[in-house]
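Colleague: Could we go through this model together? I would like to start with the overall picture and then turn to details.

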Amino acid sequence: ISYTFNDDELPRIYVNDKLLSISNESPAGERMALRVKSISQHGIMKIAAQSINPGLVSVEHNFFPSATGPLAIEKFRFTNNSDQPITVSMERLKREETTDTARSKGSPHTVIMETVNAGRRKLGPGNSVIFYICYRATDHPETPVIIDPEAEEKAREQRIAEILLPLQLETPDSILNTEFAF
């Protein structure tokens with residue numbers, strides 16, 4: 001099963017009532033632009049960004065699949081970098097798309113996008129909030145599922161560690177070992 005959710009279909013995120021957008025330029029009007037500072041991929045895609053003008057907030061955006069099931073999670077950590085309180089909010093959203101029975105093997109399949117921990121939060125200087133967007137596939141959408149994104153992230157980190165453990169280069173030369181450590 002394959003399905004695409006475009007950016008304009010995702011829940012909107014606001015900082016001090018300004019819509020967050022990813023851009024290298026400060027947008028006009030009621031938007032707050034983010035500039036990407038770094039991207040890394042080590043089993044979990046991690047993007048670090050900073051609001052452009054003013055530099056109120058930093059964002060850590062992680063994206064990873066579940067280690068155990070048909071689930072992918074986006075994690076957004078917003079940190080207040082200013083010396084004043086700010087408000088950060090993400091819309092609550094749940095969207096289901098079900099495949100055509102004629103084009104599905106066995107039974108229809110459903111893809112569900114939903115937010116976890118959405119809402120409006122006031123952050124003091126240096127404080128953070130975490131929002132999640134979860135994407136899952138199921139043959140039984142009527143069955144309630146409670147997603148624990150933190151547990152899923154820990155399980156993913158453990159799975160990555162299991163995969164990488166036997167992939168260590170070991171030679172008599174410690175400098176060479178350090179060069180190839182990953």
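This is a predicted model: local features need pLDDT of at least 70, side-chain atom pairs count only at pLDDT 80 or more; totals for chains, interfaces and linings use all residues.

Colleague: How many helices and strands does the protein chain have?

Modeller: The protein chain has 2 helices and 11 strands, where helices (H or I, at least four residues) and strands (E, at least two) are DSSP runs numbered from the N terminus. The order from the N terminus is β-β-β-β-β-β-β-β-β-β-β-α-α.

Colleague: What does the C-alpha trace span along its principal axes?

Modeller: The C-alpha trace of the protein chain spans about 60 × 55 × 25 Å. Of its 182 residues, 36% count as buried; buried means under 20% relative accessible area, exposed over 50%, and partly exposed in between, with a 1.4 Å probe and protein chains only.

Colleague: Turning to α1, what length does it reach?

Modeller: Helix α1, residues 149-164, has 16 residues and reaches 22 Å from its first C-alpha to its last, close to the 22 Å expected at 1.5 Å a residue. That expected span is 1.5 Å times one less than the number of residues.

Colleague: Which residues of α1 are buried?

Modeller: P149, E152, E153, R156, I160 and L164 are buried in α1. They lie on the same side of α1 because they cover an arc of only 105° around the axis, the arc being that of the directions from the helix axis to the C-beta atoms. On the other side of α1, K154, Q158 and E162 are exposed.

Colleague: And what covers the buried residues of α1?

Modeller: The cover includes β5 (57-65), β6 (71-80), β9 (110-116) and β11 (128-138), with contact meaning heavy atoms within 4.5 Å.

Colleague: A change of topic: what is the phi of N16, and where is N16 placed?

Modeller: Phi of N16 is near 50°, a positive value in a residue other than glycine. N16 sits in the loop between β1 (13-15) and β2 (18-22), and is partly exposed at a relative accessible area of 32%. Most residues other than glycine have a negative phi.

Colleague: What about N117?

Modeller: Phi of N117 is near 70°, again a positive value in a residue other than glycine. N117 is in the loop between β9 and β10 (119-123), and is partly exposed with a relative accessible area of 37%.

Methods
Residues are numbered from 1 along each chain as its sequence is written. Side-chain values use heavy atoms; hydrogens and water are left out.
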